[in-house]
Amino acid sequence: MTDGLFPSWMLWALLSACFAALTAIFAKVGVEGVGSDMATLIRTAVIFLMLIGIVVWSGQSLSPSAVSGKTWLFLVLSGLATGASWLCYFRALKLGPASQVAPVDKLSVVLVALFGVLFLGEKLSAPNWLGVVLIAAGVILLAFK
């Protein structure tokens, strides 16, 4: 489904990128005075409280039994992966410059493309593959002095 010239998901993806950029900048400043694991805990608590507010405000059900077992399994796995990613990201920000840490973190874009093909059966066109290679090349150019 498209809204005008762009697919409806595009605005949300662009907003996500903007907020992710701000996350890196705010987190880099925030981890200066605290351990990276504590910084991750504080960030996670804020996100947790914010999401409770959004779910309650929007009138969505808070009933865990309304969620299927398969959905629970994969959301729990996703949550564990997110937690591990955040712990690693904050540790990297504590140790390195945000301008180099963030691009390396974005190798996730390359990995998602590869995993999507391998595990989800998604198809990438030749221009898509070129984009994957260019993102990987961009990470290398940005991350290493």
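How far apart do the end C-alpha atoms of residues 8–143 lie, and how much of the span is helix and how much strand? The end C-alpha atoms of this stretch are 32 Å apart, and the span is 82% helix and 0% strand. Helices here are DSSP runs of H or I with at least four residues, strands are E runs of at least two, and both are numbered from the N terminus.

Before going on, keep in mind that this is a predicted model, where local features need pLDDT of at least 70 and side-chain atom pairs count only at pLDDT 80 or more, while totals for chains, interfaces and linings use all residues. Residues are numbered from 1 along each chain as its sequence is written, and side-chain values use heavy atoms, with hydrogens and water left out.

UniProt's unreviewed entry puts the feature "domain: EamA" at residues 8–143. Residues 6–29 have end C-alpha atoms 35 Å apart, with 88% helix and 8% strand. For residues 101–120, the ends lie 28 Å apart, and the span is 95% helix and 0% strand.

Now for a helix pair. The axes of α1 (residues 9–30) and α3 (residues 69–95) come within 9 Å and cross at roughly 60°; axes are lines fitted to C-alpha atoms over the stretch in contact, with angles from 0 to 180 degrees between N-to-C directions. α1 and α3 are therefore oblique to each other, the class left over once angles under 35 degrees (roughly parallel), over 145 (roughly antiparallel) and 65 to 115 (roughly perpendicular) are taken out. On the α1 side, Ala24, Ala27 and Lys28 meet Tyr89, Phe90, Leu93 and Lys94 of α3, contact being heavy atoms within 4.5 Å.

Definitions and conventions:
UniProt positions renumbered as here; feature names shortened; annotations may be inferred.
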